[in-house]
Amino acid sequence: MTDLPARGQMLDVVIVGAGVVGCATARELSRYRLNVAVCERAAEASQGGPTKANTGIVHAGYDPIPGTLMARLNVRGNAMYDQLTEDLGVHMEHHGTLVVAFSPSERGHLEELLARGRANGVPGLRILERSELMELEPNLSPEANSALFAATGGTVEPYELTLALAENAALNGVEFLFEHLVRSLEAIPGGWRVNAGERVLETRFVVNAAGLFADDVSRMAGAGDFHIHPRLGQYLLLEDRADYDVQHPVFQVPTPMGKGIVVSRTPDGNIIAGPTADDVQDKDDLATTADGLARVLAGARKSIPCLDTRQLVAEFTGARAVIVGHDDFLVEQGAPGFFNAAGIKSPGLTAAPAIAEELISLLKGAGLGTTSNPAFIPINARVPLFRECSPEQQKRMIAEDPRYGRIVCRCETVTEGDVVRAIHRPVGARTVDGLKFRTRAGMGRCQGGFCGPRILEILCRELGLDPLSVTKCGTGSEILAGRLRPKGDNDA
Ligand SMILES: Cc1cc2nc3c(=O)[nH]c(=O)nc-3n(C[C@H](O)[C@H](O)[C@H](O)COP(=O)(O)OP(=O)(O)OC[C@H]3O[C@@H](n4cnc5c(N)ncnc54)[C@H](O)[C@@H]3O)c2cc1C
């Protein structure tokens, strides 16, 4: 990792936000000889917005209205995923996606989506009749009538992709500053002064990838005056069981509020059902509600009637960043040297690599130098987690490093070796959630009840932390409230 330039020296680009868009942009910029920093208010990449809480579908591109930026970047982003996930060692499932019609009248919507998809240039679309559909998805409701199959649709774990993008960007010289909330921006000759709390950075260009807060950041720069409101999506996460398993993400026909309730299997092997779509005011309120989860369940059971809530693992909410009065992505130069990537709602995960390309082309147009970085390494050397390995590989891992022989998380078979590695990777884990999203420790049935204390102990040991300072997800979420005995007392 390169050091930031000394005080007074200018960076080339500061990116505000380490969600999937900020991290994809950072990685794309690291192809060039540039000094780039990412300021993120959360304690870890991917954790400050919907990047960690979405359905994880790599959308084919039949849904956006033809001619929109969203349509173009969705289709382009989808086409980039194969190479991107291969380079970064990220697991992607290529199974295609289904939009199911439950009545002959809904079939008209499928025809409309098919026509839209073709206009958007989406390959591999076709309508399946009931018999073929039921063969593909045996647990589907008998009410299902027909479906649009999109062969280029797939799934990823969105946080896995984002952490891998951040890691690759850091490997190639990008600096990440976590728990650095950008509070103000000031135009200076030839660029911007970025006030990120304890750090003040000077940079030629700023990229605003602040998700739900992109309107606030844009206003700091005196740029485009738009307003973002959150549209909440609640989810249920269940253990995968054969009697309600799905092979493809199963959508229903979309509504004006979104793509409707989907039932899908995540690459890590959970069944995910959701999201709802409710417009709210408070950007920080991500509470689930009994009513919301009941609507998720009812909607999901319309597609997969035998969904069994006894297998519930977790419930969570993500918030779409909806620009009032602008039903498209906003990727633009908002002020000289200041660029917005705003209103990045679904399919923003899919489009992120293409949004990054779009931003770089705008930055080049504004004078960003793009001499290739001769040391650019596109590939992350991914070391598999213990549970992903064959018994023979596992034996070898334990022989080489006995920490792989100590299970930390029983539900998800995560070893001490996995945890230590996740801490010491580039842009490594610093929090309990950071470890959870990198290794799945705490993501299983007991939700960290068993492994929590062990994870805290390992974080302290590896990072030299005081136990009282270890957080779930950054300052303000400390796990321990205080000591029963003064520090230094013999604990034996
Ligand atoms: C319910 C739901 C389902 C979805 N499903 C899909 C799907 O299946 N497929 C798909 O393609 N897309 C999907 N999406 C869309 C996708 O999740 C988003 O488009 C994407 O995550 C947006 O990424 P981002 O980087 O723009 O924003 P974010 O993830 O919000 O990242 C922005 C970051 O900026 C940080 N930040 C904000 N303000 C500041 C500041 N002042 N200083 C420093 N940091 C700051 C935040 O902490 C955050 O980490 C879904 C979205 C939702 C909500």
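**Core and helix packing in a predicted model**

Modeller: This is a predicted model. Ala-26 has 0% relative accessibility, so Ala-26 counts as buried.

Colleague: In which helix does Ala-26 lie?

Modeller: Buried here means under 20% relative accessible area. Ala-26, at 0%, counts as buried. The element that holds Ala-26 is helix 1.

Colleague: Leaving aside neighbours within four places in sequence, which residues is Ala-26 in contact with?

Modeller: Sequence neighbours within four places are set aside. The contacts of Ala-26 are then Ile-15, Val-38, Ala-169, Val-174 and Phe-176.

Colleague: How far apart in space are Ala-26 and His-424?

Modeller: The two residues are 398 residues apart in sequence. From C-alpha to C-alpha, the distance between Ala-26 and His-424 is 20 Å.

Colleague: Which element gives the largest share of the largest nonpolar core?

Modeller: The largest nonpolar core has 53 residues. Those with the most contacts inside it include Ile-15, Leu-161 and Phe-176. Elements giving two or more residues include strand 1 (11-16), helix 1 (20-29), helix 5 (158-171) and helix 8 (348-365). The largest share, 9 residues, comes from helix 8.

Colleague: How many residues are in the second, separate core?

Modeller: Met-134, Val-250, Val-296 and Ile-304 are among its members. This second core is separate, and its residue count is 25.

Colleague: Which residues does Phe-176 contact, leaving aside its neighbours within four places in sequence?

Modeller: Phe-176 is among the residues with the most contacts inside the largest core. With sequence neighbours left out, the partners of Phe-176 are Ala-18, Cys-23, Ala-26, Val-38, Ala-166, Ala-169, Ala-170 and Val-427.

Colleague: Is helix 5 largely enclosed or largely open?

Modeller: Helix 5 has 14 residues and reaches 20 Å from first C-alpha to last, close to the 20 Å expected. Of the 14 residues, 13 are buried, so the rest of the structure leaves helix 5 largely enclosed.

Colleague: Which residue just after helix 5 takes a positive phi?

Modeller: The phi in question is about 110°. The residue is Gly-173.

Colleague: Is helix 2 roughly parallel or roughly perpendicular to helix 5?

Modeller: The two helices pack at about 65°, with axes 10 Å apart. Angles of 65 to 115 degrees count as roughly perpendicular. Therefore helix 2 is, relative to helix 5, roughly perpendicular.

Colleague: Which residues of helix 5 meet helix 2?

Modeller: Helix 2 passes helix 5 in a left-handed crossing. From helix 2 come Tyr-81, Leu-84, Thr-85 and Leu-88. In helix 5 they meet Leu-161, Ala-164, Leu-165 and Asn-168.

Notes. Residues are numbered from 1 along each chain as its sequence is written. This is a predicted model: local features need pLDDT of at least 70, side-chain atom pairs count only at pLDDT 80 or more; totals for chains, interfaces and linings use all residues. Side-chain values use heavy atoms; hydrogens and water are left out. A nonpolar core is a set of buried Ala, Val, Leu, Ile, Met, Phe, Trp, Tyr and Cys residues joined through side-chain atoms within 4.5 Å. Buried means under 20% relative accessible area, exposed over 50%, partly exposed in between (1.4 Å probe, protein chains only). Helices (H or I, at least four residues) and strands (E, at least two) are DSSP runs, numbered from the N terminus. Contact means heavy atoms within 4.5 Å. The expected span of a helix is 1.5 Å times one less than its number of residues. Axes are lines fitted to C-alpha atoms, for helices over the stretch in contact, and angles run from 0 to 180 degrees between N-to-C directions. Angles under 35 degrees count as roughly parallel, over 145 as roughly antiparallel, 65 to 115 as roughly perpendicular and the rest as oblique. A crossing is left-handed if the near helix is turned anticlockwise from the far one by less than a right angle, and right-handed if clockwise.
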